[in-house]
Amino acid sequence: MGHNSFGDKVTITTFGESHGAAVGLIMDGLQPGLPLDLDFIQKEMDRRRPGGNSLGTPRKEDDKIEILSGVYEGIITGTPLTIIVENTNQKSKDYSNISEVFRPGHADFTYTHKYGIRDPRGGGRSSGRETLARVAAGAISKLYLNRANIICEAATIQIGNIKVSQSECNWDERTSNELYCPNNAKAEEMRNLINDLREKGDSIGGIIECRIKGLPVGLGDPVFDKVEALLAHAIMSIGATKGFEIGEGFNAATLTGSQNNDEINSEGFITNHAGGTLGGITSGQDIIFRVAFKPTPSISLSQKTIDKNNNNTEITIKGRHDPCICPRAVVVVEAMSSIVILNLMKEISLEDK
Ligand SMILES: Cc1cc2nc3c(=O)[nH]c(=O)nc-3n(C[C@H](O)[C@H](O)[C@H](O)COP(=O)(O)O)c2cc1C
């Protein structure tokens with residue numbers, strides 16, 4: 001099995017299964033000399049942690065990071081940087097009923113057909129827990145990007161049919177509620193919806209918007225490595241993602257050229273319908289993209305499925321699952337975006353931006 005790594009100049013490799021000994025990260029290609037801010041990395045991990053807010057799964061994990069290599073006296077050495085997080089709160093018996101039966105909406109059916117062997121405990125390699133290694137890599141990427149004043153922030157702008165429109169969006173409010181929603185009143189509506197569905201044993205999807213500020217002109221290439229293509233790859237590699245759009249995105253199909261073009265004057269672009277990229281290359285404007293997450297596949301309502309011998313059956317999923325993935329995925333979206341931008345920034349000196 002390949003493809004446990006991502007990135008070309010700065011590579012990340014994630015390893016571990018949800019209920020194995022640990023989940024971890026190897027990050028290679030880092031510029032030596034940067035202090036590793038452990039508090040910042042741990043805070044980023046805590047943003048993703050299960051049990052970290054009232055909306056998620058009741059599963060409590062500490063997600064304490066342990067550095068195994070690549071750091072000496074608090075400074076990144078440039079050798080492969082390895083981080084692990086021990087799995088301390090496994091309840092594998094919760095998953096005994098899914099080892100032979102495929103959960104609708106999860107990876108079980110395809111994974112079993114392709115590889116023949118699968119660790120069913122907690123979703124194994126296809127668990128949302130794998131993303132903690134991405135968040136560690138994203139936090140380290142942010143440490144480098146922050147030096148170049150590049151900021152990557154995401155927010156939950158829609159849960160089910162509850163949407164924050166552009167006029168209702170107050171970006172600063174995203175840090176004052178556990179949903180990372182840029183409107184506290186809408187966050188309350190979203191919270192009620194999520195809790196309602198949790199009580200019914202169901203789940204719900206949503207949309208996360210990400211904004212990357214402080215970018216130079218010139219990141220990305222015109223053909224296969226367009227900056228939006230690299231971002232789409234990174235973002236759609238996160239579990240449960242179902243859509244990616246940049247700038248006007250799908251709405252661009254409804255606009256005329258005169259509405260959609262970003263006119264330019266001597267002070268710069270007048271609008272940003274493009275979402276910060278033209279011809280695959282950053283324009284110096286903010287990159288703005290959105291990603292749709294499907295409802296959490298593991299739900300406790302009864303659903304039709306088959307077992308591995310193709311017998312019809314029904315499944316009711318036990319275990320502890322998030323009724324909505326978005327609140328915990330916000331930091332994962334920021335992480336994957338930061339890793340992409342750090343790779344592109346490797347083409348130019350961070351100091352020379
Ligand atoms: C942060 C995060 C947390 C997740 N938590 C759960 C969960 O508790 N239960 C679940 O069934 N799926 C969860 N998922 C989604 C599954 O990992 C994902 O749906 C599954 O791997 C199938 O992949 P696909 O949805 O991309 O087809 C989570 C995903 C992320 C990114």
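This is a predicted model: local features need pLDDT of at least 70, side-chain atom pairs count only at pLDDT 80 or more; totals for chains, interfaces and linings use all residues.
A residue counts as near a molecule if one of its heavy atoms lies within 4 Å of that molecule.

**The ligand and its surroundings**

There are 15 residues around the ligand, and those that come nearest are S126, A240, K294, S298 and H321. By type, the shell around the ligand divides into five nonpolar, eight polar and two charged residues.

| Residue | Part of the residue | Distance to a ligand oxygen atom |
|---|---|---|
| S126 | polar backbone atom | 2.8 Å |
| A240 | polar backbone atom | 3.0 Å |
| K294 | N or O atom in the side chain | 2.7 Å |

How much of the ligand does the protein bury? Taken alone, the ligand exposes 630 Å², and the protein buries 87% of that.

**The cavity**

Rolling a probe the size of a water molecule over the atoms shows where empty space is left. In this model there is one cavity of 30 Å³ or more. The space in the largest cavity is about 70 Å³. Its lining is made up of R103, A107, D108, Y111, R118, D119, P120, G123, G124, R125 and S126. Of these lining residues, five are charged, three are polar and three are nonpolar. S126 belongs to the lining of the largest cavity and is also among the residues that come nearest to the ligand.

**The second largest pocket and its sheet**

The second largest pocket holds about 260 Å³ of space. It is lined by 15 residues, and I157, Q158, I207, E245 and R290 are the closest to its centre. Which elements give two or more residues to this lining? They are the strands β8 (151–159), β10 (206–213), β11 (241–246) and β16 (287–293). The lining of this pocket divides into seven nonpolar, four polar and four charged residues.

These four strands also belong to an open sheet of five strands, in the order β9-β8-β10-β16-β11, with antiparallel pairing. The partner of β11 is β16, and the two run antiparallel, joined by five bridges. Within this pair, G243 stands opposite A292 in β16.

**A further sheet**

Strands of a sheet pair through backbone hydrogen bonds, either parallel or antiparallel. Another open sheet also has five strands, in the order β1-β2-β3-β7-β4, and its pairing is antiparallel. At its edges are β1 (5–6) and β4 (65–69), each of which pairs on one side only. β4 pairs with β7 (residues 81–86) in the antiparallel sense over four bridges.

**A hairpin**

Strand β17 (residues 303–306) pairs with strand β18 (residues 312–315) over four bridges, in the antiparallel sense. Here K304 stands opposite E314 in β18. How many residues lie between β17 and β18 in the hairpin? There are five, and N310 in the turn has a positive phi of about 70 degrees.

Key:
Residues are numbered from 1 along each chain as its sequence is written. Side-chain values use heavy atoms; hydrogens and water are left out. On a 1 Å grid over the protein atoms alone, a cavity is a set of points where a 1.4 Å probe fits but cannot get out, and a pocket is an open set with protein on both sides within 12 Å along at least five of seven lines; lining residues have an atom within 4 Å of a point. Grid points are joined across faces, edges and corners, and a volume is the space filled by probe spheres set on the points. Ala, Val, Leu, Ile, Met, Phe, Trp, Tyr, Cys and Pro count as nonpolar, Asp, Glu, Lys and Arg as charged, and the others, Gly among them, as polar. A polar contact is a pair of N or O atoms within 3.5 Å; within protein, one must be able to donate a hydrogen and the other to accept it, and residues adjacent in sequence count only if both atoms are side-chain atoms. Accessible areas come from the Shrake-Rupley method with a 1.4 Å probe; for residues, only the protein chains shown count as cover. Two strands pair if DSSP finds at least two bridges between them.
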